[in-house]
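Biologist: I'd like to learn how to read a model like this one, feature by feature. Could you walk me through it?

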Amino acid sequence: MSHWEHFEHKADIGIRGIAPTLEQAFEQAAMAMTAVVTRIDLVSDSEAVAIHCEAPDTELLLFNWINELVYEMAVHGLLFKRYQVTINHDKLSAIAFGEIVDRQKHQPAVEIKGATFTELHVYQQADGLWIAQCVVDV
């Protein structure tokens, strides 16, 4: 008998970076983003891309950082393995190391459309560790 129903589906994925410094937390959040797409160990770091962005606070800076990476991935067909981030007040400068997507080698699971404001939060815990997180739209 024909019928229809609703089912729960969580298409988006949360990413979180945890580290002793704000910069390392941003790097780890970016690694979490890469891990949504493919296994990080499959990506080489043969190409370097400079990334610059700014925002009036650290949460919007994380949002802009992730979206700059998504832009580079989409427009230039890249995947990134590691990152070197410097944050000075409201400005982020980084080098993202990666390579051109090879569909056979990397077998990308999804395409990330961008960072969202959902669960966007950057803060330092009582133990000193920094947390940088948001949900990415896939």
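This is a predicted model: local features need pLDDT of at least 70, side-chain atom pairs count only at pLDDT 80 or more; totals for chains, interfaces and linings use all residues.

Biologist: Fine, pockets then. What is the volume of the largest pocket?

Modeller: The general idea goes like this: rolling a probe the size of a water molecule over the atoms shows where empty space is left. Here the largest pocket comes out at about 260 Å³. It has 14 lining residues, and the closest to its centre are M73, V101, R103, V110 and E111.

Biologist: Which elements give two or more residues to that lining?

Modeller: Helix 2 (58-76) and strand 3 (78-88) do. Helix 2 supplies the largest share, 3 residues. By class, the lining of this pocket holds 11 nonpolar, 1 polar and 2 charged residues.

Biologist: Next, helix 1. How many residues does it have, and how far does it reach?

Modeller: Helix 1 covers residues 22-37, so count 16 residues; with 1.5 Å a residue, 22 Å is expected. From first C-alpha to last, helix 1 reaches 24 Å, close to that value.

Biologist: And which of its residues are buried?

Modeller: The buried ones are L22, A25, F26, E27, A29, A30, M33, T34, V36 and V37. Notice that E27 and T34 are on that list. As for partners, the buried residues of helix 1 pack against helix 2 and a set of strands: strand 1 (13-19), strand 3, strand 4 (91-100), strand 6 (121-124) and strand 7 (130-137).

Biologist: Now the charges. How many salt bridges does the structure hold?

Modeller: There are 4. For each pair, look at the N to O distance, then at where the partners sit. R82 and D45 form one of them, with the closest N and O atoms 2.8 Å apart. That pair joins distant parts of the chain: R82 is in strand 3, while D45 is in the loop between helix 1 and strand 2 (47-54), 37 residues apart. R82 is partly exposed at 32% relative accessible area, and D45 also counts as partly exposed, at 32%.

Biologist: Is E99 buried or exposed?

Modeller: Buried: the cut-off is under 20% relative accessible area, and E99 has 12%. Its side chain meets that of K105 in a salt bridge, 2.8 Å from N to O. K105 counts as partly exposed, at 35%. Another bridge pairs K91 with D90 at 3.7 Å; K91 is partly exposed at 43%, and so is D90 at 29%.

Biologist: How about a core residue? What does F80 contact?

Modeller: F80 is in strand 3 and is buried, with a relative accessible area of 1%. Leaving aside neighbours within four places in sequence, F80 is in contact with T34, V43, V49, L69, E72, M73, A96, F97 and G98.

Technical notes: Residues are numbered from 1 along each chain as its sequence is written. Side-chain values use heavy atoms; hydrogens and water are left out. On a 1 Å grid over the protein atoms alone, a cavity is a set of points where a 1.4 Å probe fits but cannot get out, and a pocket is an open set with protein on both sides within 12 Å along at least five of seven lines; lining residues have an atom within 4 Å of a point. Grid points are joined across faces, edges and corners, and a volume is the space filled by probe spheres set on the points. Helices (H or I, at least four residues) and strands (E, at least two) are DSSP runs, numbered from the N terminus. Ala, Val, Leu, Ile, Met, Phe, Trp, Tyr, Cys and Pro count as nonpolar, Asp, Glu, Lys and Arg as charged, and the others, Gly among them, as polar. Buried means under 20% relative accessible area, exposed over 50%, partly exposed in between (1.4 Å probe, protein chains only). Contact means heavy atoms within 4.5 Å.
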